[in-house]
Amino acid sequence: MAIIDKPRNKTYLIGNWMPSDQTTLANWMRKIIDKAAISHAPLLPSVQNLKDFIESNPKAYMFFNQMFDNADKKDPSAGLPQVRDYQHMLELFNVIMTHAPDFDDTGLVGFPFNAILDWSMATNAGWSAFLDGEVNVHLKAMLNE
């Protein structure tokens, strides 16, 4: 088993899932957001199923709208690229599931889903949404795909 040497000037959050410095995360998010902006690909079936679930389940619809509304109010001074709403989130999911990751030795974004959900998942509505069993069934299907 090869050991991947992490850049020495980067520190990582517990578990090494994501870099602790916001610059690395912001640069990665900008790349994904730019790819989504020019993509005309239809949503993958599992992503479309999550979209259909959100839009047909009042509780999920409420949570997914509130979590992005609340995330916008968190530390606006950071100037980081953010996911605008659940539709944007789905577009970004579609990008990371249909594009190979770019090589980048400046920092690690080990689990792209976490990066996309970084701000919204840490809201009260985000906690509620991702504790919901039905939401997790759809997320599991996406991860399996």
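In this predicted model, a salt bridge joins the side chains of E55 and K51, with 3.1 Å from N to O. Both residues belong to helix α2, where they sit 4 residues apart, or about one turn of the helix. E55 has a relative accessibility of 38% and therefore counts as partly exposed. K51, at 22%, also counts as partly exposed; this value lies just on the other side of the cut-off, since buried means under 20%.

Helix α2 covers residues 45–56, 12 residues in total. From its first C-alpha to its last it reaches 16 Å, close to the 16 Å expected at 1.5 Å a residue. The buried residues of α2 are S46, V47, L50, F53 and I54. Viewed down the axis of α2, these buried residues fall within an arc of 120°, so they line one face of the helix. The exposed residues P45 and S56 are carried on the face of α2 turned away from that buried side.

Another is formed by D132 and K59, whose closest N and O atoms are 3.0 Å apart. D132 lies in the loop between α6 (124–131) and α7 (133–144), while K59 is in helix α3 (residues 58–72), so this pair ties together parts that are 73 residues apart in sequence. D132 counts as buried because its relative accessibility is 11%, whereas K59, at 40%, counts as partly exposed.

Conventions
Residues are numbered from 1 along each chain as its sequence is written. This is a predicted model: local features need pLDDT of at least 70, side-chain atom pairs count only at pLDDT 80 or more; totals for chains, interfaces and linings use all residues. Side-chain values use heavy atoms; hydrogens and water are left out. Helices (H or I, at least four residues) and strands (E, at least two) are DSSP runs, numbered from the N terminus. The expected span of a helix is 1.5 Å times one less than its number of residues. Buried means under 20% relative accessible area, exposed over 50%, partly exposed in between (1.4 Å probe, protein chains only). The arc is that of the directions from the helix axis to the C-beta atoms. A salt bridge is a side-chain nitrogen of Lys or Arg within 4 Å of a carboxyl oxygen of Asp or Glu.
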